[in-house]
Amino acid sequence: MPASTRYREGLATLERIDGEAGRKVIDSLQAIAPDLARYVIEFPFGDIYQRPGLDLAQRELATVAALTALGHCQPQLAVHLHGALNVGCTPEQIIEVIIQMAVYAGFPAALNGMSTARAVFAERGLLADSAASG
């Protein structure tokens, strides 16, 4: 069956934001839940991310805020932290969003989010050596 427009657009958006990491998530689902992989592509990336009103950087900052607030989604948060950086968000913007979540989601969620951000920033060489180890 040919891919739908929303699937094609969703996959292109996913690859623009998350590159190889997004593809790995989708590939990891193919053997066990291919429908879930399709839903991930079509709904958030094919429908929601295509809406007017927010650009990709704003959408990724909102996603970082939501995943930080949930407090238990570190693997998904790491993917979206990479995505935020890929679409032009700065580490400073990401840090401020995570700090803002301390007010609404509590310090444990913000601390978990900051720990994940530190790991992503270190992986990408965005932290000084002393910051990465402390």
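1. H3 goes past H4 in a left-handed crossing (left-handed if the near helix is turned anticlockwise from the far one by less than a right angle, right-handed if clockwise). Helices here are DSSP runs of H or I, at least four residues, numbered from the N terminus. Keep in mind that this is a predicted model: local features need pLDDT of at least 70, side-chain atom pairs count only at pLDDT 80 or more, and totals for chains, interfaces and linings use all residues. Residues are numbered from 1 along each chain as its sequence is written, and side-chain values use heavy atoms, leaving out hydrogens and water.

2. Now the geometry of that pair. H3 covers residues 56-70 and H4 residues 74-86; their axes come within 9 Å and cross at roughly 160°. Axes are lines fitted to C-alpha atoms, for helices over the stretch in contact, with angles from 0 to 180 degrees between N-to-C directions. The crossing angle therefore makes H3 roughly antiparallel to H4 (the label for angles over 145 degrees).

3. Who touches whom? From H3 come Glu 60, Thr 63, Val 64, Leu 67 and Thr 68, and they meet Gln 76, Leu 77, His 80, Leu 81, Gly 83 and Ala 84 of H4; contact means heavy atoms within 4.5 Å. By class, the residues of this contact are five nonpolar, five polar and one charged (Ala, Val, Leu, Ile, Met, Phe, Trp, Tyr, Cys and Pro count as nonpolar, Asp, Glu, Lys and Arg as charged, the others, Gly among them, as polar).

4. Two H3 residues are worth a click. Thr 63 sits in H3 and is buried, at 18% relative accessible area (buried is under 20%, exposed over 50%, partly exposed in between, with a 1.4 Å probe and protein chains only). Not counting residues up to four places away in sequence, Thr 63 touches Tyr 49 and His 80.

5. Ala 57, also placed in H3, counts as buried with 19% relative accessibility. Setting aside neighbours within four places in sequence, Ala 57 contacts Val 87 and Cys 89. From Ala 57 to Ala 84 is 27 residues in sequence, but 6.0 Å in space, C-alpha to C-alpha.

6. On to the other helix pair: H1 (residues 5-30) packs on H2 (residues 34-47) at about 145°, axes 8 Å apart. The H1 and H2 crossing is right-handed.

7. Last, the annotation. An unreviewed UniProt entry puts "domain: Carboxymuconolactone decarboxylase-like" at residues 34-117. That span is 81% helix and 0% strand, and its end C-alpha atoms lie 29 Å apart.

How values were computed:
Parallel < 35°, antiparallel > 145°, perpendicular 65-115°, else oblique. UniProt positions renumbered as here; feature names shortened; annotations may be inferred.
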